[in-house]
Amino acid sequence: MRLRRHLLVRWHRSGRTHYKHSAWSELPWYAWAACFWLGSAVLSYFKVELSAKVLTIFLFSELTVIVVYCALVFINGGANGAGVSLEPLSPAHWFDGNFSLGVLLAIGMYGGFEVTVLFREEVRNPVRVIPRATFAVIAIAMATYALSSVVFICSLGIDNVVGLAQEDPTGAMNASIHSSGGELLATLAAVMVVTSTFAVILAAHNITARYVFNLSADKILPARMASVHKRHGSPHIASIMTSAAALVLNAAAVVFGLDPLVFYTAVLGMTSFIALVIIFVCNMSVGTYMRRNGGQLASPWATVACPILAAVGLGSVLVMAAINFPMLVGGSEALAGGLMAFIVGVFVLGVVTASVHRRKNADIYSRIGRQ
């Protein structure tokens, strides 16, 4: 075990975990950001099927690399031939380390499953397709994360993985992939990191555009942004406005000289926390909504039991997220305070806007969330 750790650390420090430099790798971060921005802006302008096809290709490629990696670790027998063990999943280890942070990271990895409903207007049979897509995303993500996590731990050794990961998280992952599949698999994995980043940006762009579209259709935002392209059937105006907002945000980061990793971490941590708040608030309204509009689906299980169970789980995670919010956004207390103030401000603004419409524009208020 110690010998393997020594070799892995030495191998990493020797520079082999850093891939060969090229003109592409020397480009500044904002050049890559501009490429990703342009790609997402163009693809999102067209019908969602085009983005879905691109995302499907990336997802299939990433899953293929993960499956090959897992298979090679199984074949090679893990660290020192000890094999792949399910010991990391044992309840005895559930509270090892920082349990609350681990739960937050786990919940964050599932972010996105809840937005499938936003695409219902672009799906032929949303009542049937949307639930199936949602459950499929959860099932695939759960299986992939669980298997790859156990395999990764066993590939470095159950007794060594914590130390290696703490010393260098990226290097430990690179070392595991390289030792299992060689330079080819390591290079493919590095490429998949880039494509997965673009996939996240593309998905986020499409989701944001649909939020803007729906709020515009509900007359909360200008109705012009609820326009649908005559040929592509896409919310093209909402997509253009989303592209413009993203360009302004990235341009501000460049102008003010923000560190790209700090910027990315802060945005990712803030959006993860916001998503958790949104899911928790929506869950609180599920029982009432189902009783009023659920019809035959409004069973005690759907209107009482599930909302209560979800509220306990989501509420616990939300409290842990609030306590660990500085760590989620990069560790800066000042930055965390500013971002939290922004989140609270946006939430209060939403409540005030809804209250004003309820009193003065009852017809608009009644259309909010029309689907």
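**Where does H7 bend by about 130°?** The answer is glycine 182, where the bend is the angle between axes fitted to the seven residues ending there and the seven starting there. This is a predicted model, in which local features need pLDDT of at least 70, side-chain atom pairs count only at pLDDT 80 or more, and totals for chains, interfaces and linings use all residues. Residues are numbered from 1 along each chain as its sequence is written, and side-chain values use heavy atoms, with hydrogens and water left out.

**View 1. Helix H7 from end to end, residues 169–217.** Helices here are DSSP runs of H or I with at least four residues, numbered from the N terminus. H7 has 49 residues, yet its end C-alpha atoms are only 45 Å apart. A straight helix would reach 72 Å at 1.5 Å a residue; the expected span is 1.5 Å times one less than the number of residues. Look for the bend of about 130° at glycine 182 as you follow the helix.

View 2. Lysine 219 counts as partly exposed because its relative accessible area is 40%; buried means under 20%, exposed over 50%, and partly exposed in between, with a 1.4 Å probe and protein chains only.

**View 3. Alanine 199, a residue of helix H7.** Alanine 199 has 14% relative accessibility, so it counts as buried. Threonine 56 is 143 residues away from alanine 199 in sequence, but their C-alpha atoms are 9.4 Å apart in space.

**View 4. Serine 40 in helix H2 (residues 29–45).** This serine 40 view shows a residue that counts as buried because its relative accessibility is 2%. A polar atom of the serine 40 side chain lies 2.9 Å from the backbone oxygen of tryptophan 37. Such a polar contact is a pair of N or O atoms within 3.5 Å; within protein, one must be able to donate a hydrogen and the other to accept it, and residues adjacent in sequence count only if both atoms are side-chain atoms.

**View 5. Helix H10 (residues 300–323) and its kink at cysteine 306.** The 24 residues of H10 reach 33 Å from first C-alpha to last, close to the 34 Å expected at 1.5 Å a residue. The kink at cysteine 306 is about 30° and comes shortly before proline 307. Proline 307 is one of the buried residues of H10, which also include Ala302, Leu314 and Met320.

**View 6. Helix H12 (residues 333–360) and a nonpolar surface patch.** Val281, Val344, Phe347, Val348, Val351, Val352 and Val356 form the patch, with about 540 Å² of accessible area together. H12 gives the most to it, with six residues. Valine 348, in H12, counts as partly exposed because its relative accessibility is 43%. Methionine 340 also lies in helix H12.

Definitions and conventions
Patch = residues over 30% accessible without salt bridge, like charges linked within 9 Å, V, L, I, M, F, W, Y side chains within 5 Å. Areas by Shrake-Rupley, 256 points an atom, 1.4 Å probe, with all protein chains shown as cover. Salt bridge = Lys/Arg side-chain N within 4 Å of Asp/Glu carboxyl O. Helix = DSSP H or I, 4+ residues; strand = E, 2+ residues; numbered from the N terminus.
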